[in-house]
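Thanks for making time this morning.

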Amino acid sequence: TNISTWTDAKEKTALEQTQLKQIEQSSKFENILVHELKTSVNRIETGVQLLESQYASAEQQDAIEIINLGKDDLNIKLNQIIQINRIDKGQTGISHYPFSPSMLITQIVAEYQAIASQKQLLLTAKTYHANYILEGDIQKISLVIRSLKTESSSTKAKPCGIISGPRRDT
């Protein structure tokens with residue numbers, strides 16, 4: 001039994017070391033990838049700054065604005081990915097505070113109302129059973145929700161109309 005316990009412990013240690021090496025390699029790859037993407041975004045930004053001039057035609061200014069918007073959107077998404085990866089790896093502390101789920105939904109709806117209005121959409125949230133409090137890190141929860149609910153992914157589904165859906169906080 002002493003030999004089997006020793007062998008089990010040795011195998012467990014070897015497995016843990018292998019898992020740590022895999023996590024370390026994955027982390028290095030993610031860091032390299034993020035660095036390369038950030039470098040590309042910076043190059044786009046520099047190129048746009050060089051193109052912006054008083055001599056650009058209206059059509060060229062529109063093209064520059066489109067590139068700028070794409071660059072800004074990419075930068076935001078990269079920062080969200082970085083933050084979510086840090087949360088996933090346990091590199092970012094998470095605070096536990098009481099919060100109201102219905103207030104969170106109300107804030108998110110209010111935040112996206114301007115985008116919806118521009119597209120002639122009515123954004124509503126119907127809340128049921130919302131008279132309770134949860135505990136969690138509201139900033140991290142909001143970050144994850146906002147990374148899923150972006151203008152490009154969710155509000156271009158219809159050119160006009162009403163987007164609503166019943167929500168049950170259970």
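Is D73 buried, partly exposed or exposed? Keeping in mind that this is a predicted model, we find that D73 has a relative accessible area of 32% and therefore counts as partly exposed. The side chain of D73 meets that of K77 in a salt bridge, with 2.7 Å from N to O, and K77, at 27%, is partly exposed too. Both residues lie in helix α2, 4 residues apart, which is about one turn of the helix.

K71 forms a salt bridge with E45, and here the closest N and O atoms are 4.0 Å apart. This pair links distant parts of the chain, since K71 sits in helix α2 while E45 belongs to helix α1, which covers residues 2-51, and the two are 26 residues apart. E45 itself is partly exposed, at 29% relative accessibility.

K71 also forms a salt bridge with D72, the closest N and O atoms being 2.7 Å apart, and D72 is partly exposed at 36%. Taken together, E45, K71 and D72 are linked in a network of salt bridges, and the count for the model comes to 3 salt bridges.

Finally, a word on N68, which is found in helix α2, residues 58-89. N68 counts as buried at 14% relative accessibility, and, leaving aside its neighbours within four places in sequence, N68 is in contact with V48 and E52.

Notes. Residues numbered from 1 in each chain as written. Predicted model: local features only at pLDDT ≥ 70, side-chain atom pairs only at ≥ 80, totals over all residues. Heavy atoms only, no water. Buried < 20%, exposed > 50% of the residue type's maximum accessible area, 1.4 Å probe, protein only. Contact = heavy atoms within 4.5 Å.
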